[in-house]
Amino acid sequence: MSGIVHFALQRRLVIVVLTLIVIIAGYFSYRQLPVDAFPDVSPNLVQIFTTTEGLAPEEVEKYVTYPVEAAMAGLPGVEKVRSVSNFGLSVVNIYFKDGLDIYFCRQVVSERLAEAREQIPEGFGDPGMGPISTGMGLVLFYYLDDTTGTHSLEDLRSIQDWVIKFNLQTVPGVTEVLGIGGFEKQYQVDVDPANLQRYNLTLRDVIARIEANNLNVGAQFIEKNAEELIVRSVGLATGINDLNAIVVKTVDGRPVYLRDIATVKIGGAIRRGVQTRNGEGEVVSGMVIKLFGSNASTVIQRVEDKIEEINGMLPEGVNIVPYYQQKDIVESSVKTVLSALIQGIILVALVLLVFMGGFRPSIVVAASIPFSVMFAIIAMKQLGMSANLMSLGGLAIAIGMMVDGTIVMVENIDRTLRESDPSEPRIHVVRRASQEVLRPIAFAIAIIIVVFLPLFTLQGVEGKTFKPLAYTVALAMLGSLVFAVLQAPVFGHLLMRRPKGGKGGKEPLLIRGLTKLYLPVVKLFVRFRALAVGLAVLLMLIGALVFPKLGSEFTPKLREGTIVVRLTMAPSIALTESKRVTLIAERRLMKIPEVREVVTRIGRGEVGAHSDPVNSAEMYVLLKPKAEWREPGNQEAMENIIRDELGYLPGVLSNLTQPIEMTVAELLEGVRAELAIKLFGDDLDVLKQTADRIAAVVQDVPGAADVQVAQMGGVPQLLIQPDREAITRYGLNLSDVQEVIQAAVGGATSGAIFEGIRQYDIVVRYMPEARNNIAAIKEILVQAPNGMRVPLAQLASIEEIVGPRQITRENNQRFITIQCNVTDRDIGSFVEEAQAKIDAEIDLPVGYLTTWGGEYRLQQEANKRLAVVVPITLGIIALLLYTSFNSIMNTLLILLNIPLALVGGVIALWVSGQNMSVPASVGFIALFGIAVENGMVLVTYLNQLLRDGVPVDEASVKGATLRLRPVLMTAITTALGLIPLLLATGTGSEVQRPLATVVIGGLITSTILTLLVIPSLYKWFKIEDVKA
Amino acid sequence: MKIIYLMMGLACGVGGVTAEEQGHKEHEEEAIQLSPEVLKEFGIELATAAGGTLTMETVLPGEIQINQDRLAHVVPRYPGVVLEVKKNIGDPVKKGEVVAILEGNDSLTPYPLKAMVDGVVTDKHITLGESLQTDRSIYSIADLSDVWVNVTLYQKDLARVRKGQTVTVSGGEHLEPAQGVIDYVSPTLDERTRTGYARVVLPNPDGTWKPGMFITAEVQIGTEAAQVVIPLTALQTLEEGISVFVETDQGFKPRHVKLGHANRTQVEVLSGLKAGERYVSKGAFTLKAELDRGEMNSGHSH
């Protein structure tokens, strides 16, 4: 191993050039690194959307969802298939194993989708895959501002669909642009049923006539004077006048025109979503979805440039106004970590200067930071990781640790140089000094890397969130190891000089001062070992007392900087009503002086991003610059103001959320309760009844709280059940009746009008008065083959019922969820008891089964994994220590540092009022490593002194005093490197703060203990093979 | 050892659950309180329950026909050749007015054909010089001062439509609707179409209603005097059935109501709401939604 140093010192130029290459390559890698706000925690899934206009959930499930699900069975790598059948929309989510290539997944899905298409009845919709994107793909939302007020919502929507969308979709990295709001223009033929009767026509005739009179054809060519003339016949209707002039019937040579039986007008298509603004009314809006894996910041930049360009093409007074841009959080979260990174570097450099007392050694140590960072960035690029809050955060955390190896190395070189014989060549001294500390450094850094092992086993959201951090820490530490081993000796040789005073040069003033203070204390501790034991026990007791007082939370909420108010209204609400209620809410919010604009999306627009029903509204609250707030920059206060002003909205649930948080939650579709019992079965009514009974049983189990059965019903339906007997009596077919219902009430598309390349549907339907109420629907006349007309009420029973709002399925089965939380008892025993009670009291119908899930299962799985991984990690650390020291006692002594370090972390959390959370756990994990590292540095030297024949007590004191500088330096650099994260207030800082708190707190206790307890207890744990 | 602690810590960190607010499912007899401002903001309107008369209607298709009681045909008395055609379709004629002159085949003397009623020529089958037999009507003269409205009765309507009921006839485009009374209901159904008809004699002094027109007839199939009549907009379907929100001292409470007769806008309340009580007549959906609010956060739909 020591050969490496020799090797490096002999090829100094190569090493210098190599260093430069790494730094330059790192810089270019950074430029190319995809930049995201946060690690993408979206599951690896392919979504299949099918719109089936006008179909109720039951039909959607039967005709669309089921065939799609069935086709997807047995795909490689599928974890589960979950589906939601809504009114008019089927969404099938196919969750793949993490790590599978998204394009592979889409390909296998797409192959099977062809199969599914064949199974779906004609006219029931065409399934298509969602955008190649993730929950973080919604990078920019905009609305169209019409300052002139002269453009209708149809016009604006046409501009959106045919100008803006087309242009934005050409931007590289944009996979989809989806429109919402306004009206999709269509040509509506509103037929008066009385006129049909008058002229003895049926709706079917009208539809056929329109289709037959709206055509362009080509007829090859003719030759004329050696030229070819292409023959084409143009018969496409170009507008309302052409449609009006279509002859639907001729009686005795007298034509009946379409205008005689119907009103032809331009209108809006049926919609399941609108976009409103500022409580004033509707706007037309769009959202840009970025391609999976593309660089958010560059895509957004390109989109912005394109928007600028498109704005120039739009009619006078119409402008694209972005109202949500992911760029803002990308920029601010990257800014948060970058500034923490830079501040960290400066702080660390300052510490070095003070402690090293020299410019040159400081430079050598400081140089390890850019090298390690760049090393990590090159590796990130190669591994396909993105730069985000977490991955860059990992670098910020590691700053203080990156220098540790080099500090020990340089400190040793510095000391050795000072103490060496002036006649010895400098290169020899450097080599000797380097080789001395090489092993402990390598082991210490290896331990820090190993310590992050448990993080790699995290699964799901936490895994995706914290793995990038673990990766970058590990990578940066690896870089720092390389630097310490290869570069540090070389740069040390190139830059460091013997002190001018010759042999025995003095250490910097500060160190001498500290040593003077430290010496008596350490002497005291070495003499009275009980003092050390007492101190350690006392601290551990404090830790044990404080720990239970810590609250616990999952992960602190990331502040995205954009506030979204989500309104949930009654499931049966009509779009017009939800729009009315939303406008009321918007007007309330507009009263807040800090609010600049409120833009709300209700329901869903073009299919692909959202599948929200019309009872759900997402209000984007756009605020004035933070400085103008009544409490500048205080987002929490702002949120409270918003809550207050929104106040009580009858019939509406409102909660504050954030754009990315919301989208990701939607994709995860998890149950946010500790326990979820899923009851699988076929019959919706039986499911509901059984679920209610299960809920009643669970409710009685001690510890149960918030027991709830998911609501499936609540949406009224007008159920038209044809009476087969009546129908046959009139010589009709069932389909004759249903076609009339479909076309008259729902409308039927019969061709399209082309305006240039823009294509607008022609929709034939009864006029509103003849279909928009139950009485009118009962009067719809169906024509029998013999020409008589029969009202619908005579052919079918028509009744109002309450139907399901949606049907959810998992792995091909319908299910209902019963969720509950558990208080004051252990969940495991609760589940056992509840399960036993359910088995005893409820006789599940044949084909019905229950499964237990919820956060509790995730938690159990995580606990199980950690129960294995944490001891293994400790084992590896112990093994590494043992390999390094070849002494069990030494190993134990160093491991003793760990609990002492943890105490500091616990106290720091408690004092700062933070909770135990995943990032705090990550902090504790980091502490493991740092504490061990500190111990190693000291124990190594103590062993060396012992081997040199110094008596153990004297060695303890002398070693501790001499190692004061490196121990303090590594501790202080690590702590100071984290201070910027601790104090940062920018986007994403809330996630890093617990981590920084824990490490800094732990460092304080662990450093004190390293310096006092280890020398004191060393005698009991000294290496065995040396007789003192 | 402290390692255990750490593991516990990790476990808590990884598995900790943020307790979410979870609404309870109790909406028994909970009154909803809304301030006047909120009522106004949400467009919720109140009314006092009161009695009234409900007019029930059914809408049926129909056709204008010539009043067959005021139709006269002109038929040649003797076979002969047409010497003169005096009237054309649409010409008004008086009773006794000569409409054509024929020359009898046997007598070879001209004789006049006269109208038997006042009216308008609605049909004509006569040409100059034509030889006519005595078995064919050559003129139809109808008195259009009133017309028949034949309203198609489907099987489902037969029981409800009776002689004497008032009918509002509308002919669509630019025609003022007119009112008449059913004075005849067909005793049998047409075997082919399985429909019957009800007839209204409609005065037609201006000739607005032209025979052959399709019309829509709104038949008032009954009027009911009711103790309490409320608009349909007040009704909401709740779990326990159709309900109305009533204002009480504690606030608004849903009350299950039993309904009687109804028309397109109003309904009779048989029980559940007494005259004089204040109820929500418009915007009751907001209250229904508020009642179900506790259930909305479960089984979340997105």
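**A walk through chains A and B**

On one side are A:A396, A:I397, A:I399, A:G400, A:M401, A:V403, A:D404, A:I407, A:V408 and A:E411 of α13(A), and they meet A:R965, A:P966, A:M969, A:T970, A:T973, A:T974, A:A975, A:L976, A:G977, A:L978 and A:L981 of α32(A). Sorted by class, this contact of α13(A) with α32(A) holds 13 nonpolar, 5 polar and 3 charged residues. Keep in mind as you look that this is a predicted model.

How are such pairs described? Two packed helices are characterised by the angle between their axes and by the distance between those axes. Here, helix α13 of chain A covers residues 389–419 and helix α32 of chain A covers residues 964–983; their axes lie 8 Å apart, at an angle of about 160°. Because angles over 145 degrees count as roughly antiparallel, α13(A) is roughly antiparallel to α32(A). The crossing of α13(A) past α32(A) is right-handed.

Now compare this with a second pair in chain A. Helix α18 (residues 529–546) of chain A and helix α29 (residues 897–911) of chain A cross at roughly 45°, and their axes come within 9 Å. That angle makes α18(A) oblique to α29(A). The crossing of α18(A) past α29(A) is left-handed. From α18(A), the residues in the contact are A:A536, A:L539, A:M540, A:I542, A:G543 and A:V546, while α29(A) supplies A:P899, A:L900, A:L902, A:V903, A:V906, A:I907 and A:W910. By class, the contact of α18(A) with α29(A) has 12 nonpolar residues, 1 polar and no charged.

Chain A contains 33 helices and 31 strands, and its C-alpha trace spans about 125 × 85 × 55 Å along the principal axes. Of its 1028 residues, 50% are buried. Among the contacts in chain A with a separation of 6 or more, 80% are between residues 24 or more positions apart.

Next, the strands. One open sheet in chain A has 6 strands in the order β14-β13-β18-β19-β17-β20, with antiparallel pairing. Which strands form its edges? They are β14 (281–282) and β20 (652–657) of chain A, each of which pairs on one side only. Inside the sheet, strand β13 (residues 273–277) of chain A runs antiparallel to strand β18 (residues 595–603) of chain A, and 5 bridges join them. Look for A:V274, which stands opposite A:I602 in β18(A). A helix also lies across this sheet: α19 (residues 575–590) of chain A extends over β13, β17, β18, β19 and β20 of chain A, and runs at about 165° to β18(A).

Is A:H610 buried or exposed? It counts as buried, because it has 23 C-beta neighbours inside 10 Å, and 20 or more is the cut-off. For a sense of scale, the C-alpha atoms of A:H610 and A:H428 are 182 residues apart along the chain and separated by 68 Å.

Of its 10 residues, 9 are buried, so β30 is largely enclosed by the rest of the structure. Strand β21 (residues 675–680) of chain A runs antiparallel to β30(A) over 6 bridges, with A:L679 partnered by A:I816. Strand β22 (residues 704–709) of chain A is also antiparallel to β30(A), through 4 bridges; here A:V709 stands opposite A:I818. Strand β29 (residues 807–810) of chain A pairs with β30(A) in the antiparallel sense over 2 bridges, and A:R809 stands opposite A:R814. The hairpin of β29(A) and β30(A) has 2 residues between the strands, and in it A:N811 takes a positive phi near 45°.

Finally, turn to chain B. It has 4 helices and 21 strands, and 34% of its 302 residues count as buried. In chain B, 68% of the contacts with a separation of 6 or more join residues 24 or more positions apart. One helix to pick out is α3 (residues 284–291) of chain B, which is mostly covered, with 8 of its 8 residues buried. Among them are B:F285, B:L287 and B:L291, along with B:K288 and B:E290.

Technical notes: Residues numbered from 1 in each chain as written. Chains lettered and ligands numbered in written order. Predicted model: local features only at pLDDT ≥ 70, side-chain atom pairs only at ≥ 80, totals over all residues. Axes fitted to C-alpha atoms, helices over the stretch in contact; angles between N-to-C directions. Parallel < 35°, antiparallel > 145°, perpendicular 65-115°, else oblique. Left-handed = near helix turned anticlockwise from the far one by under 90°. Contact = placed C-beta atoms within 7 Å. Nonpolar A, V, L, I, M, F, W, Y, C, P; charged D, E, K, R; others polar. Pairing = 2+ DSSP bridges. Buried ≥ 20, exposed ≤ 12 C-beta atoms within 10 Å, placed from the backbone.
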